[in-house]
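Thanks for coming. I have one structure for today, and I will go through a few parts of it.

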Amino acid sequence: INAQDITAVILAGGRGSRMGGVDKGLQSFKGLPLTLHTLQRLQVGGGVGEVMINANRNLAAYESFGVPVWPDGLADYAGPLAGFLTGLERCETPYLVTVPCDTPLLPFDLVQRLAGALTTQGSDLAMVSAPETGKDGQIQLRAQPVFCLLRIELLESLVRFTQAGGRKIDAWTAQHNTALVTFDLPGDDPQAFFNANTLIELQSLENRA
């Protein structure tokens, strides 16, 4: 897939409840806002032609990063799928890739690997599967549905799903042919998809990075 045919949307529209209600995407990581780290990794890594940000507050701050900013079309902080919907509605390319704002170490080759799987398997969407430490301390591969490459044709399906009250990503993606792309190869950063949900987790990630 040509990079110019892919638009990225950075999902920064959450409540930040587990961070005490702060705007997570604007929290500092190594001296820069989390969302700006994500934006720079997408731009440096290539693989996308355009980038937009989905945010629901502090819009001027996000606009200062130099890319379009769009709030949710759904009310009351409806979750990541609201950001998917906003991205698909605003996307002017055949493909949309979604990434959250709170993973500042995401792989530079993320988009290329998702695109490769989507075309090879002829799927509707491609999703990351990455190592994650469970409550038992064991590391296992787990799907990360907020890291997704979608065909623009999925907009109609997502509109129907959300209009019916659906809000869970897993429930929607399960309706479609999905390619899982594992990021556990030698050289893959085990912290690449660690998402900082609390300020303590963010500080811990910064210390390890």
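What distance does helix H1, residues 34-45, reach from its first C-alpha to its last? Keep in mind that this is a predicted model. H1 has twelve residues and reaches 17 Å, close to the 16 Å expected at 1.5 Å a residue. After H1 comes Gly-46, with a positive phi, near 70°.

Next, burial in that helix. Nine of the twelve residues in H1 are buried, so I call the helix mostly covered, with buried meaning under 20% relative accessible area. The buried set includes Leu-34, Leu-36, Leu-39 and Leu-42.

Let me take the pairings in turn. S1 and S4, residues 50-55, are parallel and pair over six bridges. In that pair, Ala-12 stands opposite Ala-55 in S4. S1, residues 6-12, is also joined to S6 by six bridges, again in the parallel sense. There, Ile-6 is opposite Tyr-95 in S6. With S8, residues 139-151, S6 runs antiparallel, and four bridges join the two. Thr-98 stands opposite Cys-148 in S8.

How many of the six residues of S6 are buried? Six of six, across residues 95-100. Both faces of S6 are covered. On one side are Tyr-95, Val-97 and Val-99, and on the other Leu-96, Thr-98 and Pro-100. Thr-98, then, is a buried residue of S6 as well as the one opposite Cys-148.

Is Ser-129 buried or exposed? Ser-129 has a relative accessible area of 6%, and because the cut-off for buried is under 20%, it counts as buried. Leaving aside residues up to four places away in sequence, Ser-129 touches Leu-141, Arg-142 and Ala-143, among others. Its contacts also include Leu-180, Val-181, Thr-182 and Phe-183.

That is the end of my part.

Definitions and conventions: Residues numbered from 1 in each chain as written. Predicted model: local features only at pLDDT ≥ 70, side-chain atom pairs only at ≥ 80, totals over all residues. Heavy atoms only, no water. Buried < 20%, exposed > 50% of the residue type's maximum accessible area, 1.4 Å probe, protein only. Pairing = 2+ DSSP bridges. Expected span 1.5 Å × (residues − 1). Contact = heavy atoms within 4.5 Å.
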